[in-house]
Amino acid sequence: MQSTNNVISIQVSKKELDSAKAKLREAYEILKPYLVALTPEERKELPKMSDKTVPFVEKTLSYMENKPELNPGYLDAKEMSLDFHAAQDLTDVAREAQRITSGLNDTIMLTGSEAYVASLAYYHAIKGATRVNAPGAKPIYEDLKKRFAFNGRRNSKTNTSE
């Protein structure tokens, strides 16, 4: 979609942005006492409940609640029920948050892309104006071309033939 076509043209008011951020902060503060932060290592090592395992967990919980005499002493059916229902409830909230995040990320990507493509078009126009010595073009071009300057740190394999 790289062109100078303007696919999106929006301006969210400061009042709307402030309101949305306040509501997101409010939602975070409501959930904060229930949220944990895992390390990447913990996330990697934990067994995960997914769509495929939910029916198994539901069925297991049902058996544990309906046949408590068969439960091993080291398992607590009430605690398992709390964990399972918390996971289900928080998944519903996470899906709503993901819907917002997905829309924000896509909109940021599109608006940013349009701004960057327009900047590139301007840069190339200024570069051309510099070539024909248009008044005032050179300092603008010199400033903007810094974005594309080689920093001397390219990843290149050195040839060490013996």
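Mentor: Let us begin with one residue, and keep in mind that this is a predicted model. Lys 145 has a relative accessible area of 32%, and is therefore partly exposed.

Trainee: Which residue does the side chain of Lys 145 meet in a salt bridge?

Mentor: Side chains of opposite charge can pair when their charged atoms come close. Here the partner of Lys 145 is Glu 142, with 3.3 Å from N to O, and Glu 142 is itself partly exposed at 31% relative accessibility.

Trainee: What is the distance between the closest N and O atoms of Lys 146 and Asp 143?

Mentor: Those atoms are 3.6 Å apart, and the two residues form a salt bridge. Lys 146 counts as exposed because its relative accessibility of 60% lies over the 50% cut-off, whereas Asp 143, with a relative accessible area of 47%, is partly exposed.

Trainee: How many residues apart are Arg 95 and Asp 92 in helix H4?

Mentor: They are three residues apart in helix H4, which spans residues 77-131, so about one helical turn separates them.

Trainee: Are Arg 95 and Asp 92 buried or exposed, or do they lie in between?

Mentor: Arg 95 is partly exposed, its relative accessible area being 47%, and Asp 92 is also partly exposed, at 46% relative accessibility.

How values were computed: Residues numbered from 1 in each chain as written. Predicted model: local features only at pLDDT ≥ 70, side-chain atom pairs only at ≥ 80, totals over all residues. Heavy atoms only, no water. Helix = DSSP H or I, 4+ residues; strand = E, 2+ residues; numbered from the N terminus. Buried < 20%, exposed > 50% of the residue type's maximum accessible area, 1.4 Å probe, protein only. Salt bridge = Lys/Arg side-chain N within 4 Å of Asp/Glu carboxyl O.
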